Amino acid sequence: MIRLNIAIGLSLLYASAYFMGFLNPLTLYFVPSFFDYVVYPSIVTVFCLVPVILMMTSSLFSAGIKRKVVFFGAIALTIVAIKSAFDAADYPWVKIVPLIMPAILEPAKRLFLGKIVLLGGGFIFVFGVLHLSRTRLSQWIRFLSTLGYAFVFLAIYRCIALDFIFQPALVSPYPKSEAAAPTVARRVVWVIFDEMDYTLSLKSGSGMSGALPNFSALTARAISANQAFSPGQDTVYSIPALLTGTALSGITIKSQNRLDLWDQQKKIIRFGLESSIFSQLPGGVRSATVLGFYHPYCKIFSLLQSCGTTYAGNAGRWFDSLTFFSVPLMTAVKSIKGSIRILPESVLYNFDYMYRASENVLSSLDKTLSNQHSAFDFIHVNLPHLPNIYVQRLLKEPVENDTSAYKQNLIGADIVVGRIVKNLQLLSDKQNILLIVSSDHWLRTNSKQPASVPFIVWKVGASEPIILPDRISTVHSKKLALDFLSGKLDTQAALSDALRRTTYYETWSAPDGYKY
């Protein structure tokens, strides 16, 4: 019984490296389902590891083999315990990286090398300490097992303190008979590219115009802005601001998945169905679709006609707790020259969440666009945000650094625009369609100060380009879409006049160390 209790405790300790990282309001907001994404994979880990631990410490193996297994197992679990302790303190260990790595390195390389240094240094330190105290290894194993139980009790307490366990189920006020929407005459397709910087892509002199033929062709017949600015610096609050039409002055994320936006008058607007564009559509909530990643769109907007979103992490599958280290491991593997070309697609899809997000969004794109029952489609594409594994595999061209990788991802975004335009042109004789293309924020590693983002508005079929030279805020996209759907605005001339009359708001950026 003692061996079984120790084995369960050690299994729980291993699982804590996975579940402890979820237990704060900011992280829980993004989790589509608490049980499916946090509890279930952790339970699977315990059921898988307990028999393994019992077998490896049984009489099936010689005393010498068992000593080595126990020693190196103790090293691994000690490192896991340190990670879980940092997570329990709500201070992820990767935050130490900026303190030990020089700032002259590229951000991605700096983070990767910092993780290697931390893990390597931690392993050497723990190895030395346990080697010197190996005569007391059994006591240390019992202590680690106790830590496993302690982390579980801490997790339960934190869930109760966050009032997360007792969330009421969402009840739809809409009858099931409304689920199937009729074919619609007017439609808006709103596409948000992630981290697309106007200065580095569409601006004259960027050097990318020749590499982005679809964007060039689109701007040659659409409304486009030279100085368009997103409502926020980061995706976590810029996307909610766009969908609610809120000019930001702050944000808080509370328990029970509550994300609150502060508008210019410091009024609190809860991000959800009632405050978003979806509840104000002329055709109702059921006339809309969402396709995206990062934000838990399908949890927040569960009443839409259709929804598809990809969680920005490796979680929710039965094996994710067992392979909690998959993200840094994949980062290490991908850093090996030539590895991206030879890695099986199944490995990339299962363990590289940005690759999975690209694949999920783009594989469903044509189906989403061809749906004539939808009056409003919100599409959030994770390009040209780095990394660029998906586009690098698509184009079969290696890259040398983050700069060339970003440029390659811009080409990937251009390919996506070409697909979107082609699909919408096929429907132009059946639907009156407005296409809005923009970005949630600029390339932040290129500029700490707010920079312009693309902003293109095209009534499908129009051919006269209109350029908006003055500064505008893309937060007005929501009202523009609603006015088009209601018939208040119909021509590109009317749309551009409406945009010229809008108020400009400064982009809000959360200060360093901002407590959400």
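In strand β8, V381 is the bridge partner of F193. This pair belongs to the seven bridges that join β1 (residues 186-194) to β8 (residues 376-384), two strands that run parallel. Strands (E, at least two residues) and helices (H or I, at least four) are DSSP runs numbered from the N terminus, and two strands pair if DSSP finds at least two bridges between them. The model is predicted, so that local features need pLDDT of at least 70 and side-chain atom pairs count only at pLDDT 80 or more, whereas totals for chains, interfaces and linings use all residues. Residues are numbered from 1 along each chain as its sequence is written, and side-chain values use heavy atoms, without hydrogens and water.

Eight strands form an open sheet of mixed pairing, in the order β7-β6-β8-β1-β9-β10-β2-β11. Its edge strands, β7 (306-310) and β11 (466-473), each pair on one side only. From one strand to the next, the twist averages 15 degrees. Helix α10 (residues 235-244) packs on the sheet, touching β1 and β8, and its direction makes about 165 degrees with that of β1. Contact means heavy atoms within 4.5 Å; axes are lines fitted to C-alpha atoms, for helices over the stretch in contact, with angles from 0 to 180 degrees between N-to-C directions. Helix α17 (residues 402-426) lies across β1, β8, β9 (432-439) and β10 (455-459), running at about 155 degrees to β8.

In helix α15, M354, V361 and L365 are among the buried residues, buried meaning under 20% relative accessible area with a 1.4 Å probe, protein chains only.

Notes:
Buried means under 20% relative accessible area, exposed over 50%, partly exposed in between (1.4 Å probe, protein chains only).
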